[in-house]
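Here is a short note to read with the model open beside you. Take the points one at a time and find each residue as you go.

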Amino acid sequence: PLEARVAFVPQKPYLPLGTLREVMLYPEKEMDIGDQALATMLDRVGLSALQSRLHDTDRWDQTLSSGERQRLAFARLLIAKPEVIFLDEATAALDETNEALMMGLIVAELPDATVVSVGHRPGLEQFHHRKASLRRIDGRTRIDTVGVVNRADPVA
């Protein structure tokens, strides 16, 4: 939809220079949200060790591990509350437990969002209603199968 708030989360999320607070609010630097709410969000995505660093300026793209950067990207989603979310291998650096935690947060906190994700792990299927498989046929990539995912409610 033309007027929808859209978010793209790549495998290697962009983290701008600035304070951790600015990184969490990117691209909306002036969002009206308190430090306590941001600290709570860090805890929810498994980054509670960073709660005291909200006003520290750092090269966060070099300071944080790949998995920490991905969890921070999920915190940004939960703060921004987009209506359409594109995830491109956005959990590839996470173990299956943290992947399930991040995806579960999206399902629970943004239940009306449309989520389109690209991933290779079968565990991601439980967080989606439909699955499309792509296959190379005659030198072209084509949708091979589209189906409904049989899943239990992942958020119990």
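Predicted model: local features only at pLDDT ≥ 70, side-chain atom pairs only at ≥ 80, totals over all residues.

1. Residues are numbered from 1 along each chain as its sequence is written, and side-chain values use heavy atoms, with hydrogens and water left out.

2. Let's begin with the sheet. Strands of a sheet pair through backbone hydrogen bonds, either parallel or antiparallel. Here 3 strands form an open sheet in the order 1-4-5, with parallel pairing. Strands (E, at least two residues) and helices (H or I, at least four) are DSSP runs numbered from the N terminus, and two strands pair if DSSP finds at least two bridges between them. Strand 1 and strand 5 are at the edges with a single partner strand each, so one side of each has no neighbour in the sheet. On average, neighbouring strands of this sheet are turned by 10 degrees against each other, direction ignored.

3. Now follow the bridges across. Strand 1 is joined to strand 4 (residues 84-88) by 4 bridges, and phenylalanine 8 stands opposite phenylalanine 86 in strand 4. Phenylalanine 86 also stands opposite valine 116 in strand 5. Between strand 4 and strand 5 (residues 114-118) there are 5 bridges; aspartate 88 has valine 118 of strand 5 as its bridge partner.

4. Next, how do helix 4 and helix 5 pack? Helix 4 (residues 66-80) and helix 5 (residues 96-109) meet at an angle of about 5 degrees, and their axes are 10 Å apart. The axes are lines fitted to C-alpha atoms, for helices over the stretch in contact, and angles run from 0 to 180 degrees between N-to-C directions. The two helices are therefore roughly parallel to each other (angles under 35 degrees count as such). Residues in the contact (heavy atoms within 4.5 Å) include Phe74 and Leu77 of helix 4 and Met102 and Ile106 of helix 5.

5. Please also look at the second largest pocket. About 410 Å³ of space lies in this pocket. Its lining has 20 residues, and Val6, Ala7, Tyr26, Pro27 and Ala80 lie nearest the centre. A pocket is an open set of points on a 1 Å grid over the protein atoms alone, where a 1.4 Å probe fits, with protein on both sides within 12 Å along at least five of seven lines; lining residues have an atom within 4 Å of a point. Helix 4 gives the most to the lining, with 5 residues.

6. Finally, two backbone details deserve a look. Most residues other than glycine have a negative phi, and most peptide bonds are trans. Tyrosine 26 and proline 27 are joined by a cis peptide bond, with omega about 5 degrees. Glutamate 89, in the loop between strand 4 and helix 5, has a positive phi, near 55 degrees.

Notes: Parallel < 35°, antiparallel > 145°, perpendicular 65-115°, else oblique. Points joined across faces, edges and corners; volume = space filled by probe spheres on them.
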